[in-house]
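Please read it alongside the sequence and the model.

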Amino acid sequence: MPQPTYPAWKFYPVRLPPPAWASDVLETFSEARQSIDSSQNHGVSSDAALAAIEPGLTKLGFQVERGKSADKKISRPVLFGENGRTEVAYEVDGFHPEEQVVLEIEAGRGAANNADYRDLVRASLMVDADYLILAMMREYRAGKQTMKSYEQTLKRLDAIYASDRLKLPLRGVLLVGY
């Protein structure tokens with residue numbers, strides 16, 4: 001039986017080809033497959049997945065969160081106040097300043113907790129964010145239940161992009177199933 005493509009992915013809007021940077025990002029996920037493939041490795045946290053792909057992302061020019069202290073986080077502005085001071089900002093897992101790509105890695109119950117929706121809205125509000133890479137686990141096991149987070153998010157994005165009711169300000173979203 002042939003192995004499924006790893007990682008699974010889809011670029012939105014589907015009427016456009018993925019940007020040139022997407023293949024390099026997908027290769028970074030592929031190189032980390034042994035440690036992050038959620039169909040083989042259970043209990044991988046989003047921090048562990050990010051740490052596994054961080055070296056490759058850094059080589060590609062991404063700024064990547066390296067810890068939980070303020071100086072190791074990546075913050076992106078949303079609103080500015082007096083004297084140009086940032087009033088509202090969101091923390092992200094990674095950001096590519098030249099390509100203006102936001103990266104969010106979700107694990108566990110990411111789809112069940114609507115983290116995908118939250119990430120879409122937040123990326124849409126950030127200054128200088130043209131693209132979102134949204135990485136979701138292909139499988140998450142909680143007891144006897146298996147959640148297919150990537151598939152759920154795929155259906156949600158298909159619906160958003162098929163509808164004329166909601167227009168995202170992003171140039172594109174790369175959904176990655178790891």
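The protein has five helices and 10 strands, where helices (H or I, at least four residues) and strands (E, at least two) are DSSP runs numbered from the N terminus. The model is predicted: local features need pLDDT of at least 70 and side-chain atom pairs count only at pLDDT 80 or more, while totals for chains, interfaces and linings use all residues. Residues are numbered from 1 along each chain as its sequence is written, and side-chain values use heavy atoms, with hydrogens and water left out.

**Overall dimensions**

- A compact globule with 178 residues would have a radius of gyration near 16 Å, and the 16 Å of the protein agrees with this; the radius is taken over C-alpha atoms, and the globule rule is 2.2 Å times the number of residues to the power 0.38.
- Along the principal axes, the C-alpha atoms fill a box of roughly 60 × 40 × 35 Å.
- The accessible surface is about 9,600 Å², and carbon and sulfur atoms account for 48% of it; areas come from the Shrake-Rupley method with a 1.4 Å probe, and for residues only the protein chains shown count as cover.
- Buried residues make up 45% of the 178 residues; buried means under 20% relative accessible area, exposed over 50%, and partly exposed in between (1.4 Å probe, protein chains only).
- Of the contacts with a separation of 6 or more, 64% are between residues 24 or more positions apart; contact means heavy atoms within 4.5 Å.

**The sheet**

- Six strands form an open sheet with mixed pairing, in the order E1-E10-E7-E6-E5-E2; two strands pair if DSSP finds at least two bridges between them.
- Strand E1 (8–12) and strand E2 (63–64) are the edge strands, each pairing on one side only.
- Strand E7 (residues 131–136) runs parallel to strand E10 (residues 172–177), and six bridges join them.
- Leu 134 has Leu 175 in E10 as its bridge partner, and Ala 135 has Val 176.
- On the other pairing, E1 and E10 are antiparallel over five bridges, with Lys 10 opposite Leu 175.
- Six of the six residues of E10 are buried, so E10 is largely enclosed by the rest of the structure.
- Gly 172, Leu 174 and Val 176 point one way from E10, and Val 173, Leu 175 and Gly 177 point the other way.

- Helix H1 (residues 21–31) has Trp 21, Ala 22, Val 25, Leu 26, Thr 28 and Phe 29 buried.
- These buried residues line one face of H1, because they fall within an arc of 150 degrees seen down its axis; the arc is that of the directions from the helix axis to the C-beta atoms.
- The buried residues of H1 pack against E1, helix H2 (33–36), H3, E6, E7 and E10.

**Backbone features**

- Most residues other than glycine have a negative phi, and most peptide bonds are trans.
- The peptide bond from Tyr 6 to Pro 7 is cis, with omega near -10 degrees, and Pro 7 is in the segment before E1.
- Gln 100, not a glycine, has a positive phi of about 60 degrees and is in the loop between strand E5 (94–96) and E6.
- Asn 114 has a positive phi near 60 degrees, is in the loop between E6 and H4, and counts as partly exposed at 34% relative accessibility.
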